[in-house]
Every structure is written in structure tokens, then in C-alpha cells.
Amino acid sequence: MSSAPPSYKGHRYPVELISHCVWRYLRFPLSFREAGEPMPGRGVLVSHETVRRWCAKFGQTYANGLRRRRARPGDTWHLDEVFIKINGKRKYLWRAVDAAGNVLDILVQGRRDKAAARRFFRKLLKKTRAVPRMVITDQLRSYGAAHREVMPSVEHRSHQGMNHRAENSHQPTRQRERAMKGFRSVGGAQRFLAAFSGISPHFRPHRHLLTAAHYRAEMTVRFAIWDQITGAANLPTTA
């Protein structure tokens with residue numbers, strides 16, 4: 001995949017304004033209207049529909065750019081699934097993270113049986129282009145059945161107490177789900193969570209483990225990377 005920033009041809013607003021609105025919406029539990037509220041202070045009026053279109057068009061592209069810059073995933077993967085409500089119906093959000101807590105992939109499905117687990121395993125292997133040394137899951141039997149079929153050479157540990165890393169990774173999603181008052185469709189949930197899972201963790205560098213100085217330095221680096229993948233870093237500077 002190309003590492004070049006996306007094209008903004010045909011957009012009358014500058015890249016720094018577009019990327020800022022997308023960042024606000026996918027980093028904080030805000031509505032589209034709230035994400036665009038600060039813009040009048042910059043002399044720009046942006047409707048919530050404009051912000052929605054920017055997020056739909058550029059959100060996943062930005063997330064892909066951030067993923068390409070991450071190191072290869074660790075050799076221990078944690079998998080977990082939680083239910084989410086979509087139009088009042090129970091669906092399941094499958095998620096995989098590595099030992100460092102980096103989100104490897106997510107998938108929204110209607111079931112959590114062997115076929116669903118097998119589909120998630122295959123999608124995960126295709127997305128990461130890597131094979132782990134070990135996968136850790138809860139005690140859902142579907143994992144074991146799919147594991148024996150898709151990656152039998154990989155060690156599988158099934159224990160509820162070993163999978164806190166994947167379970168904790170669901171917390172930001174729960175916050176957004178409450179703020180959005182649920183998701184309206186499976187496709188909409190998949191698109192939003194795929195972009196959200198790629199962007200939001202980039203701006204959550206485990207602050208409780210860093211001193212204030214280290215946190216500021218880390219965030220400076222991460223915003224510099226954001227400017228590079230969005231194209232804002234390519235803007236000419238003015239004297």
C-alpha cells in the first residue's frame with residue numbers, strides 16, 4: 001500500500017482543518033456537530049454533515065497510514081469478543097490485540113460460533129500478514145474449534161484470567177457506543193470501529209506510565225506522525 005498522504009483535490013477547506021475535525025471525532029466521544037464546533041473560532045463555519053463526510057472519506061485512510069508506521073505485531077495475540085447493540089439487536093464485536101495492546105483487527109458479526117471465529121482468524125491473518133507464536137482467548141469453545149482448523153501449529157491458551165489485555169481494549173469502544181447511543185447498522189459499526197481502532201489508540205500512550213515530560217514529548221512525536229500521514233506536514237510554512 002502507498003504511504004503517500006490522501007488527495008484533497010476538490011475540497012475547499014485546507015487539510016489541517018479537515019484532519020483536525022477527523023481527529024476530534026475519532027479521538028473523543030463527540031458527535032459530528034460537536035467535532036466541528038471549534039471551527040467558527042477560526043473563522044470557518046462547518047456543518048455536521050461536512051464533518052461526517054470527512055470522517056467517512058478520510059478516517060480509514062488515516063487509520064491505515066498509522067498502522068503502516070507501527071512495528072510488526074508481537075508474537076502473542078489476545079482475542080476477545082463482546083456483544084454490542086445495533087438497532088436493538090445483539091451483535092458481537094471481535095477484537096485482537098498484541099501484547100503491547102495494539103489493536104490488530106476488529107470484526108462485527110452476528111454470531112460467536114465456530115464459523116464466526118474461523119472467519120475472524122482468517123481475516124486477522126490476512127490483515128496482519130503474520131502468524132503468532134501464541135493466541136490467548138477466553139473459554140469460548142468456538143475459539144478452540146476454529147484454532148485447530150485455521151492455525152493448528154500456533155499455541156492456544158484459553159483462560160479467562162489471562163485475557164485482561166483484550167478485555168481492557170474494549171473500554172474506549174464502550175465509551176463511544178454510549179456517546180453515539182448505539183450503532184445503526186452492522187456496516188456502519190464496522191466502518192466506524194475499524195477507523196476508530198486505528199486512530200484513537202495512537203493518541204492514548206498509556207499516560208499513567210509516563211512522567212509529564214515524557215508524555216509531552218511522546219504526544220509531540222505522535223502529532224508529528226499524524227501530520228505526516230494526513231499531509232498537513234507538507235504545507236508550506238509562512239514567515
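User: Is Cys-21 buried or exposed?

Analyst: Cys-21 is buried, because its relative accessibility is 0%. Buried means under 20% relative accessible area, exposed over 50%, and partly exposed in between, with a 1.4 Å probe and protein chains only. This is a predicted model: local features need pLDDT of at least 70, side-chain atom pairs count only at pLDDT 80 or more, and totals for chains, interfaces and linings use all residues. Residues are numbered from 1 along each chain as its sequence is written, and side-chain values use heavy atoms, with hydrogens and water left out.

User: How many disulfides are there?

Analyst: The count is 0 disulfides, a disulfide being a pair of cysteine sulfur atoms within 2.5 Å. For Cys-21 the closest cysteine sulfur is that of Cys-55, and at 7.8 Å it is too far for a bond.

User: And Cys-55, buried or exposed?

Analyst: Cys-55 counts as buried because its relative accessibility is 11%.

User: Which other residues of H3 are buried?

Analyst: The buried residues of H3 include Val-51, Trp-54, Cys-55, Phe-58, Gly-59 and Tyr-62. Helices here are DSSP runs of H or I with at least four residues, strands are E runs of at least two, and both are numbered from the N terminus.

User: What do they pack against?

Analyst: The buried residues of H3 pack against helices H1 (15–27), H2 (32–36), H4 (114–128), H8 (186–199) and H9 (212–230), and against strand E3 (103–109). Contact means heavy atoms within 4.5 Å.

User: Where is the kink in H3 centred?

Analyst: The kink is centred on Phe-58 and is about 40°. The bend at a residue is the angle between axes fitted to the seven residues ending there and the seven starting there.

User: Switching to rings. How many aromatic pairs are there?

Analyst: There are 16 aromatic pairs. In the pair of Phe-58 and Tyr-62, the ring centres are 5.9 Å apart and the planes are at 15°, so the pair is stacked. Rings of Phe, Tyr and Trp (its six-membered ring) pair if their centres lie within 6.5 Å; planes under 30 degrees apart count as stacked, over 60 as edge-to-face, and the rest as tilted.

User: How many residues apart are those two?

Analyst: Phe-58 and Tyr-62 are 4 residues apart in helix H3, so about one helical turn separates them. Phe-58 is buried at 2% relative accessibility, and Tyr-62 is buried at 0%. Another aromatic pair, Trp-94 and Phe-120, is tilted, with 6.0 Å centre to centre and 45° between the planes. Trp-94 is in strand E2 (residues 89–98) and Phe-120 in helix H4, so this pair ties together parts that are 26 residues apart in sequence.

User: Which residues do ring pairs link into a cluster?

Analyst: The cluster consists of Tyr-8, Trp-23, Phe-28, Phe-58, Tyr-62, Phe-203, Phe-223 and Trp-226.

User: Last topic: what does Ser-142 touch?

Analyst: Leaving out residues up to four places away in sequence, Ser-142 touches Arg-112, Asp-113, Lys-114 and Ala-117. Ser-142 is in helix H5 (residues 141–150) and is buried, with a relative accessible area of 10%.
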